[in-house]
Amino acid sequence: MQYSIWMNSKNRYRDDWKKDFTKLQKAGISNVFLSGSIEEIENALKFSDEFNHKIHTWIFTMICNDEEIIKHHPDWFTVNGLGERSCYKPQYVGYYKWLCPTHPEVQEYLQKRVEKLCEISELAGVHLDYIRYCDVILPKALQPNYNLVQTREEPQFDYCYCQHCRTAFKKQNSIDPVDLVNPSENLKWMQFRYDSISNIVRILKDKIHHYNKKATAAVFPTIMQKNVRQQWHKWNLDAVYPMLYHSCYDEDFNWIEEETRKGKSLLKSTKLHSGLYIPAIKPDDLRLAIDTARNGGADGVSIFDFNSMKDEHWEILFS
Ligand SMILES: [Zn+2]
């Protein structure tokens, strides 16, 4: 079993990195997914030489809050079934401004972004997060936070109906998706969205592999694949990290095992590491949570996230 962890590189300097990396080493963590700017990642890499773990850059792939891009390329952003663009009217939370995976300029932009990261030679890989559409239906336990009861796909949360997607779909199927009576029941329209995400994954994976780095992704549990249009079992990445955050689905540890097993059964050579949500796992239960993932056949576990780990959690990993 391999151990990985998601970690933010904000406000960490020389002494912090040395201290934190020592902790990771003691806990036997092999992969660190670091979010942050190129400068922050490069800074962390400077202090990682003497440690065994590998550092990957962790990016919020389809989310974009860059003011310059919003100003100059609003057409790059997804449009919902009501015709609202996510950069002007994000759903659920303010940062839910999503790029459209079908748009050729978005594909080019993301390739360049990934290429720039891959040019950092010490980096082990690129970890794709938010590699999906906006949730058309939120995980069950999160809906009350937004005063929502979502039992079916509503146009407000359903993407993408931008001109590029409409034209591309119509070319293939002779119908404009805005004219579909029940878009959620149209299998071709559903597949078009799955394929749009799979296609951008393929483009980015090829780029990452060109630099001999690992291409991995944080993905949704199998029961949620449809709600975010992710057929991650078709992506052929080096590894996937399903976020098995049981508390978001009102589930217990048995579900982690079940979801791990289901995920593994869908994959061929791609490794699967079960993502564990530390805020919902008491230190005394951490070992059990890891064991349930192992029983489900996981190749490893990944911890979300570094900042949620209490001293007592670390003690369990040290022992
Ligand atoms: Zn679109």
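A residue is called exposed when its relative accessible area is over 50%, buried when that area is under 20%, and partly exposed in between. These terms guide the account of the structure shown above, which is a predicted model.

Side chains of opposite charge can pair when their charged atoms come close. Across the whole structure, a search finds 18 salt bridges. One of them joins the side chains of Glu154 and Arg152, with a distance of 3.6 Å from N to O. Arg152 counts as exposed because its relative accessibility is 56%. Glu154, with a relative accessibility of 31%, counts as partly exposed.

Another salt bridge joins the side chains of Glu153 and Arg229, with 3.0 Å from N to O. Glu153 lies in the loop between β4 (125–129) and α5 (163–173), while Arg229 lies in the loop between α7 (225–228) and β6 (239–242), so this pair ties together parts that are 76 residues apart in sequence. Glu153 has a relative accessibility of 14% and therefore counts as buried. Arg229 is also buried, at 1%.

A further pair is formed by Arg193 and Asp158, whose closest N and O atoms are 3.0 Å apart. Arg193 counts as buried because its relative accessibility is 0%, and Asp158 is buried at 4%. Glu153, Asp158, Arg193 and Arg229 are linked in a network of salt bridges.

Helix α6 (residues 187–210) also contains Ser196. With a relative accessibility of 8%, Ser196 counts as buried. The side chain of Ser196 makes a polar contact of 3.3 Å with the side chain of Thr102. When neighbours within four places in sequence are left aside, Ser196 is in contact with Pro101, Thr102 and Tyr133.

Which residues of α1 are buried? They are Trp17, Asp20, Phe21 and Leu24. Seen down the axis of α1, the buried residues fall within an arc of 100°, so they line one face of the helix. The spacing can be understood from a general rule: an α-helix has 3.6 residues a turn, so residues three or four places apart point the same way. The face of α1 turned away from the buried side carries the exposed residues Asp15, Lys19 and Lys26. Among the elements that cover the buried residues of α1 are β1 (2–8), β2 (31–35), α2 (38–46), β3 (54–60) and α10 (311–318). Just after α1, Gly28 takes a positive phi of about 75°.

The cysteines complete this account. A disulfide is a covalent bond between the sulfur atoms of two cysteines. To be counted here, a pair of cysteine sulfur atoms must lie within 2.5 Å. By this rule, the structure has zero disulfides. Cys248 counts as buried because its relative accessibility is 13%. Cys100 is likewise buried, with a relative accessibility of 0%.

How values were computed:
Residues are numbered from 1 along each chain as its sequence is written. This is a predicted model: local features need pLDDT of at least 70, side-chain atom pairs count only at pLDDT 80 or more; totals for chains, interfaces and linings use all residues. Side-chain values use heavy atoms; hydrogens and water are left out. Buried means under 20% relative accessible area, exposed over 50%, partly exposed in between (1.4 Å probe, protein chains only). Helices (H or I, at least four residues) and strands (E, at least two) are DSSP runs, numbered from the N terminus. The arc is that of the directions from the helix axis to the C-beta atoms. Contact means heavy atoms within 4.5 Å. A polar contact is a pair of N or O atoms within 3.5 Å; within protein, one must be able to donate a hydrogen and the other to accept it, and residues adjacent in sequence count only if both atoms are side-chain atoms. A salt bridge is a side-chain nitrogen of Lys or Arg within 4 Å of a carboxyl oxygen of Asp or Glu.
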